[in-house]
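Colleague: Please walk me through this fold. Keep it brisk.

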Amino acid sequence: MKKNKKILKLIIMCVILLIILVFIYYKVDSAKKQTGKPLTPVVDPKDDDVLNLSGFGVFFEKYDGYFKSSEIAAKLEDITINVLPKLYNEVKEYDDENLKKYFDENTAIIEYNFGITNFEVFKNMIEKLKQRNIDLSTSYRLDLEKETFSNDSDKTGYAYVKYNVSYKNDEKINFSVYVSKDVSTEESYIINVEK
């Protein structure tokens, strides 16, 4: 009998504790709702250290080439986050002579990354970036301009689309990309800076 009373007292204490915890929870939750503060913090996309991508569904819907939209997105993401900032930081102080030397020594990698095989095209791209004078490592958003997509572009065997990259200083740079429809094409991607 004594044992049953102890168990009953223990159960009653647990129920009372549970009621108190539920009451405290509802009071705190009610106070949060009344203050108007969000229950979860809102992160500014400029500060989340992730390149936000938009519009790549157009390749899934309209592109009839070899590459998957996820592969195209990964390529442009890598160019935006890693390749272009590193390249630009290396050459931004170069004069024409040093830029030409850099191009000659790195032609294969420039062709692989940007599809650029001509020095004048490369020089033009670097000049456009110099005019913008943006820290290219601060990109936070890449948007394909879906209305510019062409599955059959002016370059035979390539789809074409324009895109822009937003930077944390609220500036944008416009780019264009030709994406090969055939895996055996020498330049799978041809990327350039637009005006």
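Modeller: Start with helix α3, residues 69-91, whose 23 residues reach 31 Å from first C-alpha to last, close to the 33 Å expected at 1.5 Å a residue. The expected span is 1.5 Å times one less than the number of residues. Helices (H or I, at least four residues) and strands (E, at least two) are DSSP runs, numbered from the N terminus. The model is predicted: local features need pLDDT of at least 70, side-chain atom pairs count only at pLDDT 80 or more, and totals for chains, interfaces and linings use all residues. Residues are numbered from 1 along each chain as its sequence is written, and side-chain values use heavy atoms, without hydrogens and water.

Colleague: Where is the kink in α3 centred?

Modeller: The kink is about 45°. A bend is the angle between axes fitted to the seven residues ending at a residue and the seven starting there.

Colleague: Is S139 buried or exposed?

Modeller: S139 lies in strand β2, residues 139-150. Buried means under 20% relative accessible area, exposed over 50%, partly exposed in between (1.4 Å probe, protein chains only). S139 has 13%, so it is buried.

Colleague: Which strands stand at the edges of the sheet?

Modeller: Five strands form an open, mixed sheet in the order β1-β2-β3-β4-β5. Strands pair if DSSP finds at least two bridges between them. Two strands have a single partner each, so one side of each is left without a neighbour in the sheet: β1 (52-54) and β5 (189-193).

Colleague: In β4, which residue is the bridge partner of Y163?

Modeller: β3 (residues 158-167) and β4 (residues 172-180) pair in the antiparallel sense over nine bridges. The partner of Y163 in β4 is F175.
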